[in-house]
Amino acid sequence: MNNLLSLLTLFTGVLIFPSCASTSSPALSAPGITLTQLLERMPPRDTIEARWVYSSVIGMGPEAILQICSRLGRPGTDRDTQAEFALQGLASYVTGAGRGNERTIFVGALEKALDVVRSPEQSAFILGRLQIAGKGESISLLARFLNDERLSEPAAQALVAIREGAELPLLSALPASRGNTRITIIKSLGDLRSRRALDQLLGESASDDSRIRLAAFYALANIGDRRAEDVLAKAARVAPPRERAEVTSHYLLFARRQAESGNSSGALRIGEALFADPSAEAQVRAAALDLIVRSKGDTAIDDLTGAMADSSSAVRSAALRLASRIPGRSATGRWVACLESAGSRSEIVSMLGDRGDTGAYPAVVSLLGDTDAGVRTSAVDAALRLRKEESLPVLLSVLERSRDARDIAAVKGALEQLPSNRVIPPVIVSLSRVTAPACVMLLEYVGKSAGAPAEPVFSFAKSSDAPVRIAALKSLGTLGSENDAGRLIALLLAEESEVGRAVARNSLVALCTRIPDPERRTESLLAAYRSATPPQREILLHVISRLGGRRALALASGEARSKDPGMRDAAVRALADWPAMDAFDTLLVIAGSKEKLNLRVLALRGAVRLVENAPIPAASAVLYHERTLALADRPDEIRLVLGALANLRCLESLRDVIPFISDDSLGLDAAMAAGRIASGPAYEPASENANEGLGSRPVARAFIESMVPPRFRSRVVHNFDAAGGMNEPPEGFTALFNGRNLDGWKGLVENPVVRAGMTPEHLAPAQARADSMMRAHWSVSDGILLFDGKGENICTARDYTDFEMMVDWKIEKNGDSGIYLRGSPQVQIWDPSQWPEGSGGLYNNQKNQSKPLLRADRPVGEWNSFRIRMTGERVTVWLNNVMVVDSVVLENYWNRSIPIFPSGQIELQSHSSPLCFRNIFIREIPSRKTPFEGSLFNGADLTGWRSIGGNEGSWGVDQGLLYTTGEGGGWLSTVRQYDNFELDLDFRLAEGGNSGVFLRSPREGDPAYTGMEIQVLDDYAAEYASLHPWQYCGSIYGVQAPSLRASRKAHEWQHYRIVALGPHISITLNGQLIVDADLASQMDKESTHPGLKRRSGFIGLQSHTRRVEFRNITLKQLEWKEDNDTH
Amino acid sequence: MALTRRTFIKSALALGAFTIVPRRVLGGTGYTPPSDELTKAVIGIGGMGHWHLGNTGARLVAVCDVDEEHLQEGMRVGGVKGYHDFRELLERKDVDVVHIATPPHWHALISIAAAEAGKDIWCEKPMTRTIAEGEHVVDTVRAYARMFRVNTWFRFSGDMFYDSGGTAREYRKLVQSGMLGWPLTVTIGAATGFNWKFYHCGRTDLTPRWIPPQLDYDFWLGPAPYKPYHPHRVHYTFRGYWDYDGGGLGDMGQHYLDPVQYILGKDGESPVAVEADAAAQHPDAIGSFRRILIAYADGCRIILEGEREKDEIPFIEGPDGKLFKDFRSTITNLKEKIAALPEPEPVVTDFMESVRTRRKFALNETNAHRSATLVNLCKISWQLGRAVYFDPGTQRCINDEAANRLIDPPIRAPWHL
């Protein structure tokens, strides 16, 4: 360990090593520090502080630890968190080396604490710390919790963690355990591999309960005692389909345990039986093969090679993977022999490569010329892996006979895995021997190795085979030196193919660019230029222009004034592509000359491009563009410069653009450019781009709106908006339309009245048809919701009650549309030139105002914005920020005799004209409806109630009392469902009477579990003397016992007040609060008692055995909001 | 009836429907299936699950989630069947590949069950939550001859290895060439291009809440200890709790460490010591760390740097050279030198190719278990607040029973490894 420590201490941080600083004495504790002060230091910030804090706490003795435990159990409080930190830290601390005494003190205190703490949460926490720090001394204590439904799991886990001595208590707890507890104990005995548990587990494996049976199979398998074999073998055979994979895996686990414990013959028997089973799945047979290899060792080679004839490819591949388990030359020989027979040869060759046994090399090499390409490529790979560099000659020899792309790729892959300095010499020798496609590959390979010699490659650059020649020309770009430039120029000038010339040019540029002095880069080219023919000069000029430099520029500028038009053309093209700004002036001169138009335009474009690519500040770039702009006279040219200016987001560019806005033909381009400049990134003083952009988006938008002439405004504003911020809801609103697709929308099915009458079976297909209709005619493009003028309204997926919404809309000439609120027409949209009163009115109103207060429309073709607020029956509409409807009642179009529906979907109306919508946002306004308050029972009949699952006649009303005879079974349910409420009722029981009040129940299953039951019972009857506390009157049945007995004797009237408020249930019986429960902390019972998480349901009365009477059943609905503390 | 063009097309289509049967039995390269189409199922349709629903080279036929809302999300693709219980999904014979995008406390159990059911497995990172879980996954996947991949990319994809400036392949070539000398120290932190996501911290102030009706919370917890429900424990924020994951380390650890393990050539071994420098940890809610040191027997070290974001720290440092973020180095012309070095052995980088050819995927159960072990070992030192010493042979800690209890902790019945 010393080496290791010195290694670790190299680390530059401030790490403390426990074994270096082994002073773990409690003497570290500082006198005068209180426990509270120590707890306030939780969590300690590093190991030094932790050691000090924890040793101090232990130094204070067990009392201190008890005190910490007592702080547990108030989740979410500082006290609780500090205690949890402290106990966890202590548990880890005391398990450190050399802390045996401290551990004993700590564990002793935890055990005491378990006697003192009250809640199961506290106990569970402490048991968890024993799982870290406990040892044999805690076993008997942990055993006490094994049959506690809520604590058996943590107790069993602690026992399994401790291991030593844990099996006996688990074994003794097994007979009395039930349900989940039993499964926990069985599984834990399996984890512990307890042989003593064998007999009992064999008994459990015959249980009727499949969960217990499966747990027992696992345990028996993991224990791996031979006596369990028959049971597991049978289970694997007869398991129902659902359990088959699991039980079979247990059987295989059992067999592996057999192999581990030396019973290889037993394991082998199982493996062979499963492998031979034709009904077994392929993966099971693969696992069986694995088992055979485990138990047979090297002699399993026959099984593996034999498996290569198996019809299942999964089994064959499993055999090949298992091959590595049997090493050695003789096994290699068997595999090589396998290659003789057909099937999976390629995979066998790959495997031989993986094995790394060079004994296979001759066989692998012999397959390099196989007829099967897959085998050949595997052989290339395997040869490389077996012999590395030594395989090079045979790999290269493959290239001498093969033109097959697969072989060439395989050899290429192999070459790349070897050091290039070792590969290059033999490859260069091979170049002249290999087939043409292989030669191309090798030339490319050589070209990637910067150190390779260029000389041998030159001869291939003259090859008559074009791909070979081009590959050589390409390689010379990396391999050639300054001295090779002349030869490469000659090759370029001699090259006939266009592709070849392009490659040669690139290679020349690459080669020359490596010359350090920029002015010398064009030296060879300029020399060649002087003696070249005019056509050759054009070719050379192209290369020269890409290299740039003073002398090159002088040459190009001169040639641009040449008398030869072809030369001039080539020179201007070269200048237009110049790599540096120094050609700018020359280009402007050409642009302003009397040269041919196409060349002047070329020069102007070149000038603009140079500036765009130059690394200069935006303001200087504007100055250059201004010079170009001054020369531009045709609209196309001006447009080009305006486009360049649009990308420079500064005031200078804006100033240049603005004058063109009033121009007839350029106005739109200028306006678009202005919009683009103004929509630049927001001004951020801190950012490096402080000079870019003109301000915040609203300011910029206002600016362009005011500046741009009306005829361009809408396009410019659209351009601006497309740059961001579209369909993003303002604070407090959510987007109904996401700008990308139709999520959140559905097609229209009938009107609300007809729809309400449709059954789900009819509605679903109708909705599906409507949705496909919607998708046919409504679409999304560029963040805009488009309607093609055919089809039906589009509707929000859900209903809304009171809300405020926003929507931008745009229509064409004579266009007509509207916004339906709660499924009803409508806030009007139409062409104001046709209907001069304008949009926004509640068009279908007959009694109330239907016209807007004034016309606030923008002209057709421009975007308009609605803000619509609907609360209750009243609607207010703002159009383009002008109020046009002031709190007017919207009438019910579908049924004029009733008010507007209380809620419904929002629809965008189709009206045979194309429409655009965007920025559709909604904010729901919480409704102020008064909750139900009053009597659930009218004293005369069963109005408002319905009998569920029992005999109808057993419920009745008699003299103002609601009663059950108790003979009909079932229960009586309210017609409505309730979520949060205060329920008051009186009840009277006969002797031994039994009933219950169901809360939030569905009408399926046993409402005591699918919902929950407040027990109504004659507690005093002798027959109920031995009930659990959580079964007595006033309990939430099976969940929470009453805190005291407040029930009265039979025949007396008793009063319940039951408050259900979210997860909080309180029960007051006869004036005494006996239950105040938080269901959220009872959710571990949720799997057996799913009703605990229901939020609403029916209220019910149970008919159980004898007559029970009820009266004065009143209910008041309450408001409950889940708090927002869920971040 | 005369065979018109239209009826001909119709009958040809009908014929096609009968002849193109999805491939159910996987074959090796020599096997030509009637149709090459592979099918997949996704288990866990939360944050990462959505990614797995997309195109991975196999057709989605089934989804599974214990949250009804998530399940409905997953079933929006046509022809996809939804399951609440993954065991029912695994009974289907027509699923080739199972994607596991649940929180990590489920990865091992579902991987094992999927392997036993004959499925190939595409599992989210971190591969498993404990070292013992990883051992079981490796054993089962091997025994049942399944293909397995962990869903991180940087080991083999051509893209950059996070923000380090190079690819794992380039770093590996450099490291294996010995140019930097030996042993090496690799630092993973913001300064070298890797950001630990410490926003995945747990909360210690959780008061019990009502379980939402659409969530089967007990099933969601599965093997994890029962704790009262709070929304912060589950979707998207579960990483902040030891019961389900490992905070920012759990989220990013395997992403970052797996390629480093490959670069250092440590796919076949494990470290000998790990020490975390951090504030003491809460038993439930995960906090942050300042630094975690991983040391190998040959002197190579990996430092998980949770602070020192702005300092100039080398990503890889050896006796003969340093390599910083953005591939800056003390060695000149490094990129060119690396280009001339031999390529690493090729690996299968398309999981569907693995599934078809039965050749192991680049990041498979074996090397992924090694890199998950790095993460899980770091978590142990971090949780215990002390250095832990590890025996790479037995894969257990030396003289530290509490650490070994964290290597192989019991899980909640009826679940078992």
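In the predicted model, strand β6 of chain A (residues 803-811) is largely enclosed by the rest of the structure, because 7 of its 9 residues are buried, where buried means under 20% relative accessible area, exposed over 50% and partly exposed in between, with a 1.4 Å probe and protein chains only. Strands here are DSSP runs of E with at least two residues, and helices are runs of H or I with at least four, numbered from the N terminus. The model is a prediction in which local features need pLDDT of at least 70 and side-chain atom pairs count only at pLDDT 80 or more, whereas totals for chains, interfaces and linings use all residues. Residues are numbered from 1 along each chain as its sequence is written, chains are lettered from A and ligands numbered from 1 in the order in which they are written, and side-chain values use heavy atoms, with hydrogens and water left out.

Strand β6(A) is joined by 7 bridges to strand β9 of chain A (residues 864-871), and the two run antiparallel; strands are taken to pair if DSSP finds at least two bridges between them. In this pairing Met805(A) stands opposite Ile868(A) of β9(A). A further 8 bridges join β6(A) to strand β13 of chain A (residues 915-924), again in antiparallel fashion, and there Phe803(A) stands opposite Glu924(A).

The loop between β12 (904-908) and β13 of chain A holds Gln909(A), which is buried, with a relative accessible area of 7%. The side chain of Gln909(A) makes a polar contact of 3.4 Å with that of Gln826(A), a polar contact being a pair of N or O atoms within 3.5 Å in which, within protein, one must be able to donate a hydrogen and the other to accept it, while residues adjacent in sequence count only if both atoms are side-chain atoms. Beyond its neighbours within four places in sequence, Gln909(A) is in contact (heavy atoms within 4.5 Å) with residues including Asn793(A), Asp816(A), Tyr820(A) and Leu915(A).

Between the two chains, the contact takes 97 residues from chain A and 88 residues from chain B. Across this interface the rule finds 7 salt bridges, each defined as a side-chain nitrogen of Lys or Arg within 4 Å of a carboxyl oxygen of Asp or Glu. One salt bridge is formed by the side chains of Glu281(A) and Lys93(B), at 2.9 Å from N to O.
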